[in-house]
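This report looks at aromatic rings and the side chains around them. The sequence and structure come before the details.

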Amino acid sequence: MNQPRGVGVTAVFVAAARALESARDDRLFNDPWAGEFVRHSGWNPPIDEIDDASRDELATWVAVRTKFLDDFALDSVDNGCGQVVLLGAGLDTRAFRLPWLRQVTVYELDTPEMVDFKAAVLGDTTPDVAARAVVPVDLREDWPAALREAGFRSDVPTAWILEGLLLYLPDDAVETLMDGIGELSAPGSAIGATITNIDVAATMNDARVLRDTLISREGWLSMLHWSSTEDPVAWFDSHGWRATAVQTDEIAQRYGRTMPEESLLTQVRAGMRFLISAVRKQD
Ligand SMILES: C[S@@+](CC[C@H](N)C(=O)[O-])C[C@H]1O[C@@H](n2cnc3c(N)ncnc32)[C@H](O)[C@@H]1O
């Protein structure tokens, strides 16, 4: 089995955080596959050896955004979306985990390396909850063609999920991605997304989240590209979407969680970690 490397390692961090959340008595969700992904990833040391403050911040951030986007996906399907597209799906298991209220197809797009690793770990043990189509493709290339080839229908309203993705793409690729999403979106389509300021992400290294792990400091910094936006609502509006942007701290409080104050991530955060839900504007 080829273990994740490069930007694929970030999906392992997310899985590690979901494994921590799943082990809590007051968990916001249960992802029984998350721990398996980490075990097969070759990540050493395990997440429970990271300093407490950094681990709590990472775990809370991932738990809150996962729950937020779980609810977003279920609501979108309840409101008429017949397809869910996970862009940069990584080790996301929503296709198996969520109690979909009606028949839905979940498309998962990520690099061929990530798709292969995920398939190798999952084996053939996953429940048949949603119809699932896996699309190995680089999102800087012609992913709309690959998505259509996999059966995607642009006449069916779609719920798009962009979780922990945009900051890893160059500015021009983000613009092209948004253009592609817009062209493929039937009326009634929706986007759920995370927007993280690049300065916040870069400090993760100082918080020792990545020390002695699969990525070097240089490797981590070299993955961060998108220059982001200070006004996500205006940015989505300019791409044809009516968005709501809420700070993660606020959503965390709704779920009875608090973002830890002691970590370096919190100390330097400039109010730039948003959870987004958006609907396609009518022409
Ligand atoms: C932080 S992970 C998030 C994964 C998933 N959305 C989640 O929240 O569990 C980022 C993911 O984006 C994927 N990714 C980054 N750049 C990509 C590209 N150019 N093409 C396809 N996938 C990419 C990585 O392989 C990785 O799985």
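## Terms and basis

A charge sits over a ring if NZ of Lys or CZ of Arg is within 6 Å of the ring centre and within 35 degrees of the ring normal.

This is a predicted model, in which local features need pLDDT of at least 70 and side-chain atom pairs count only at pLDDT 80 or more, while totals for chains, interfaces and linings use all residues. Residues are numbered from 1 along each chain as its sequence is written, and side-chain values use heavy atoms, with hydrogens and water left out.

## Charges over rings

Arg273 has its charged end over the ring of Trp61, 4.8 Å from the ring's centre. Arg280 lies over the face of Trp241, and the value to the ring centre there is 4.9 Å.

## Aromatic pairs

The whole structure holds five aromatic pairs. Rings of Phe, Tyr and Trp (its six-membered ring) pair if their centres lie within 6.5 Å; planes under 30 degrees apart count as stacked, over 60 as edge-to-face and the rest as tilted.

One of the pairs is Trp33 with Phe96, which is tilted, at 5.4 Å centre to centre and 50° between the planes. Trp33 lies in the loop between helix 1 (9–22) and helix 2 (34–41) and Phe96 in helix 4 (residues 94–97), so the pair ties together parts 63 residues apart in sequence. Helices are DSSP runs of H or I with at least four residues, strands are runs of E with at least two, and both are numbered from the N terminus. Trp33 is buried at 15% relative accessibility, and Phe96 is buried at 7%. Buried means under 20% relative accessible area, exposed over 50%, and partly exposed in between (1.4 Å probe, protein chains only).

## A ring cluster

Tyr107, Trp143, Phe152 and Trp160 are linked into a cluster by ring pairs. Both Tyr107 and Phe152 are buried.
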